[in-house]
4 protein chains.
Amino acid sequence: MIKVGIIGSTGYAGQELVRILLQHKEAEIVWYGSRSYIDKKYASIFGNLFELVDASCMDDNIDELADKVDVIFTATPQGLCASLIKEEILSKVKMIDLSADFRIKDVDTYEKWYGIQHKSPSYIKEAVYGLCEVNREKIKQARLVANPGCYPTCSFLSIYPLVKEGLLDTNTIIIDAKSGTSGAGRGSKVDNLYCEVNENIKAYGVAGHRHTPEIEEQLSYAAGETVMINFTPHLVPMNRGILVTAYASLKKQVSYEEVKEIYDSYYKKEKFVRVLEKDCYPQTRWVEGSNYVDVNFKIDERTNRIIMMGAMDNLVKGAAGQAVQNMNLLFGLPEEEGLELVPMFP
Amino acid sequence: MIKVGIIGSTGYAGQELVRILLQHKEAEIVWYGSRSYIDKKYASIFGNLFELVDASCMDDNIDELADKVDVIFTATPQGLCASLIKEEILSKVKMIDLSADFRIKDVDTYEKWYGIQHKSPSYIKEAVYGLCEVNREKIKQARLVANPGCYPTCSFLSIYPLVKEGLLDTNTIIIDAKSGTSGAGRGSKVDNLYCEVNENIKAYGVAGHRHTPEIEEQLSYAAGETVMINFTPHLVPMNRGILVTAYASLKKQVSYEEVKEIYDSYYKKEKFVRVLEKDCYPQTRWVEGSNYVDVNFKIDERTNRIIMMGAMDNLVKGAAGQAVQNMNLLFGLPEEEGLELVPMFP
Amino acid sequence: MIKVGIIGSTGYAGQELVRILLQHKEAEIVWYGSRSYIDKKYASIFGNLFELVDASCMDDNIDELADKVDVIFTATPQGLCASLIKEEILSKVKMIDLSADFRIKDVDTYEKWYGIQHKSPSYIKEAVYGLCEVNREKIKQARLVANPGCYPTCSFLSIYPLVKEGLLDTNTIIIDAKSGTSGAGRGSKVDNLYCEVNENIKAYGVAGHRHTPEIEEQLSYAAGETVMINFTPHLVPMNRGILVTAYASLKKQVSYEEVKEIYDSYYKKEKFVRVLEKDCYPQTRWVEGSNYVDVNFKIDERTNRIIMMGAMDNLVKGAAGQAVQNMNLLFGLPEEEGLELVPMFP
Amino acid sequence: MIKVGIIGSTGYAGQELVRILLQHKEAEIVWYGSRSYIDKKYASIFGNLFELVDASCMDDNIDELADKVDVIFTATPQGLCASLIKEEILSKVKMIDLSADFRIKDVDTYEKWYGIQHKSPSYIKEAVYGLCEVNREKIKQARLVANPGCYPTCSFLSIYPLVKEGLLDTNTIIIDAKSGTSGAGRGSKVDNLYCEVNENIKAYGVAGHRHTPEIEEQLSYAAGETVMINFTPHLVPMNRGILVTAYASLKKQVSYEEVKEIYDSYYKKEKFVRVLEKDCYPQTRWVEGSNYVDVNFKIDERTNRIIMMGAMDNLVKGAAGQAVQNMNLLFGLPEEEGLELVPMFP
């Protein structure tokens, strides 16, 4: 039984980790960290877990925690994980960081886009970017996993095969993304109040969202050249879900069948990526509560562009689910353990 | 492995049965019945089940079906199950009817409130009302289970202990219920369009809703006398969930502790009924996707009334989950098999 | 042109006052008070008013304000208006208080239910309860109007005629109310975040909500005797709207026609109360954005109870609209001036 | 007083026409056409209009109608207006068609994208495309106005100035649009049920939506060359609102100030187009219920692209409001008559 500690267990991603791990046969949560709710019963905050979780919230004592658990998840704001990490900890436990601290290899890029100083840049190189479908083998050997961002996961998986295969003019990639509101976190801001979000859609972080360099870095690895994109996220009045609509010019004429074959060749064996059937486009409702990413594409012969789409639950494959998938890899478990969640509709 | 057939598998309750049974270790669906979608791939209708269900929809051939399965769920409009049932079928398979056909023991009451003629009244007596928490032992012996209605399940479980213990003036019971829109079904009616339901709340079936006699019958058994109530359902702009707020005058002065003890004594051992802590009231979000009913109460000393509350997922404990709970009882399985679903939030 | 000052103009009720007054021919807002946003452009907070309002927010300087305007609206938390009021102010301007400070005549009751000390009890007697349909003539003469609460307005108008006519057993009145989330205010609380409210319904303030004594006081005047009720509010995932479902036992048998005639006799001439047609029940969507209260009833002969229902926009008739209606009365304008807003659907 | 007839008055656009015209001082609706509800009280369908509209619905008798009114609005599915129009009608009344029948000048393009035969192609040339901000003078002289589509209005106005000024590489225009569900109409389709739309976002009509050629045609006029675009609409779980996010490569380096000046020069005098302030992006909530289109842009120096955004109420500026704006022009009234609706929030 893997002993698990969670730092930041009372945010939406933290709570989703709890929901998933409670249904995981090989893991047991022994530390519910939450600075904001120290000593408060976890189930008094999240009533869904009444009679399922008896524990109270703990402060962030990383040293004590490292002695008690096998793996630590940090589901915390940027900067916290980087400030906690040290050799002493990593020598005892595996760490899976759900924040952006170790996702970007270039520390200057990180500091520029996030506007904070990186507290432990020496660990950036060691950290493995935890996109299981791409870095599976590396993850298995890692001590520190940088769990990918929600938008990057969905964006990257939607276009990765075609970038890798060199089908796209990478100078033309535009990603228009839409996210449910749990992605905005559980902080008490006026902007996230029900009446401010409901009956509204807006773009935000236009040409400046922090997930941009993360997506670009991963696409650049796939393309073998520097890729620069436009990425525009939007806030949608729903709880969960990310939909990505990506556009790019095709380098040459290709048929539906050719492109479909490429997607299939990359994802056929991937349990958590579903390549949909022709003319059936991803919808967030079909993945809610599950670890699936649904992808598909449409070639527009008129403009010689391809529209690539992906849908995903931002809290599962975009956060807690992918983190558990990484944990499974780290501990030699079947990758899908605890993640065979059937999407819930409606 | 229990072989399962579902008649009406493309309604919301039918689809929820599929979602639950896919995660049930001892059951396998072999017949996805749906008159409206014959020969259509089930997963093309419910994209959440893509790569999880390969089957196509079948017509309602009860005789063929009875030869192939161990249990039939009918998740169909009123009247259908009553029109299908016959000795030949019941001698081969167990039946769990999610409609109201066999819930009400008095055929005149059924025909009056539902406005249709009962096609097989001779089976009403044999049918067991499938409220597991009350009729557990009878269900185990049954061939035909009448799965309780969504409102009745939540209403009844919220007030049952106090009625049974004789604490309430049963002439004063008023039940004000609120339901998510999946309760209205998947039929294409203007009234259920997004723009008609969203940003609105309304009462419906005022003083005439069909679940009234069902609640009254069960309460009457508990009270040992005829109980007549007011029941008013409301439609709420959300997908899932029923909240019941029930009012009654207390026959005598009682303390919080006394009432709490009663609730605990009835539900302590019931896995799927959670008696909340003091001043913590049921909310539909805390039970979403699960088989739980959360209940609690508040005594108003000023008016000598007690307010009893219950929250439940109408598609799970109010339909498909309870049906599977009944199936587990019918086949001697642990009652919670396939139903240990952690509520999903947000 | 009436010069208007608003204290608390950046809450939802305050902003709705602005929206309504901008369409009012005889009023002009000259003071947008908001402690939280001093010197900030009003239209930068509420983008709907871009190019319509050029002013910036002002601090709460009541003395300066009183010299500049003819009427002050206080759309502020409980206690503030009572702390500001004094003879010097009232001798210069009319005041319409949207908080509860002057609604309840018994200061002990106020202090007990609101848990704060009343700062200017001497003005309670003078203040007129601004329910125009009942106190029209008194309002015309007032200096200080206590604008009714949202739940009390809808609750009271739904049952008033029958209480006044002595048809109801006033010991049996139970009010089950449902409100949209704008009623919870614009404060940045976790409980009001989108993901906490969406896909959920809950009761709150059970047997202890502050609007209870306000409703009871007004019903007691109508009944000519002390009335004690149960009042249970619920939070509904929608922006606007209150629906009241009220229950009471009838003192004698009455027909639909008799009750309809009573309602009509009270409300026929009331522009803002619409008595719906038989079997057509109030829905919040039909009053959204308008000053209407829609009411209707259903007699349940089985239980000898009557179910009375009312729907209203909590920000209009339940707050800003009614406040403007009061302003019109105070200044001798047609009562409907600026309030002939057609409900917006969908 | 302009006498108005509406064919298709019981769809969402038709009902919005009624809401707006009821608040219009110079117009009076004398014919509420609706094939589906003949002889039914209009206010029994739309309860918001109870006590405001007494009329019943009429069949589509265009000849009788033409004798009774000054202007006919057709808020009907594609093909109906084209099947009704003839010289005899146009000689008597003005016609404003809210469908697509007369928007596209090339009949082959219309027939290809809409998949139906055009019944009166001879009137296409005469029809004026009713985008007031562009065709104001032509509209004043027209007999037949083709009211623009919702997506085209918002898309075009968001990018028009830059296309007209030759700043954009028109080969690179990509429009990613998001719409509330009222845009899907009031037909009773499973796809538009509450539970199918709620908690979901999806793309539809990818690379094939019918509004594509309409947008392209108008952009081509502005550009003075043939423009071909990618247009992808998405369905958002909200009632009203369209948000457009458009991308294009800049032909040359330009500063924020230069682009702002261009937008201002085109829209400064346009009452219904608001160019927002720097870094303040359009949101649908700020235009709800009003005739405004809010637009803004962001230059991305990294990719040399410009992101242009627009928000609009699809039922007002995107349908009924623009139609009334056209009516005002046709009859020599102030363009804003009846349209000075303050956006409603929340």
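Which strand order does the open sheet of seven strands in chain D have?

1. **The sheet.** The order is β8-β9-β7-β10-β13-β12-β11 in chain D, and the pairing is mixed. Strands here are DSSP runs of E with at least two residues, helices are runs of H or I with at least four, and both are numbered from the N terminus. Two strands pair if DSSP finds at least two bridges between them. The edge strands are β8 and β11 (273-275) of chain D; each pairs on one side only.

2. **One pair in detail.** β10(D) and β13(D) run antiparallel, with eight bridges. D:Ala246 has D:Met308 in β13(D) as its bridge partner.

3. **Ground rules.** This is a predicted model, in which local features need pLDDT of at least 70 and side-chain atom pairs count only at pLDDT 80 or more, while totals for chains, interfaces and linings use all residues. Residues are numbered from 1 along each chain as its sequence is written, chains are lettered from A and ligands numbered from 1 in the order in which they are written, and side-chain values use heavy atoms, with hydrogens and water left out.

4. **The interface.** 47 residues of chain D are in contact with 47 residues of chain A (heavy atoms within 4.5 Å). 100% of the interface residues of chain D are also interface residues in chain A, so the copies meet through the same surface.

5. **Buried area.** Chains D and A bury about 4100 Å² between them, 53% of it on carbon and sulfur atoms. This is the accessible area (1.4 Å probe) that the two parts lose on being put together, summed over both. In chain D, D:Glu199, D:Ile201 and D:Arg302 lose the most area to chain A, together 17% of what that side buries.

6. **Salt bridges.** The rule finds six across the interface of chain D and chain A. It asks for a side-chain nitrogen of Lys or Arg within 4 Å of a carboxyl oxygen of Asp or Glu. D:Arg302 and A:Glu216 meet in a salt bridge through their side chains (2.4 Å, N to O).
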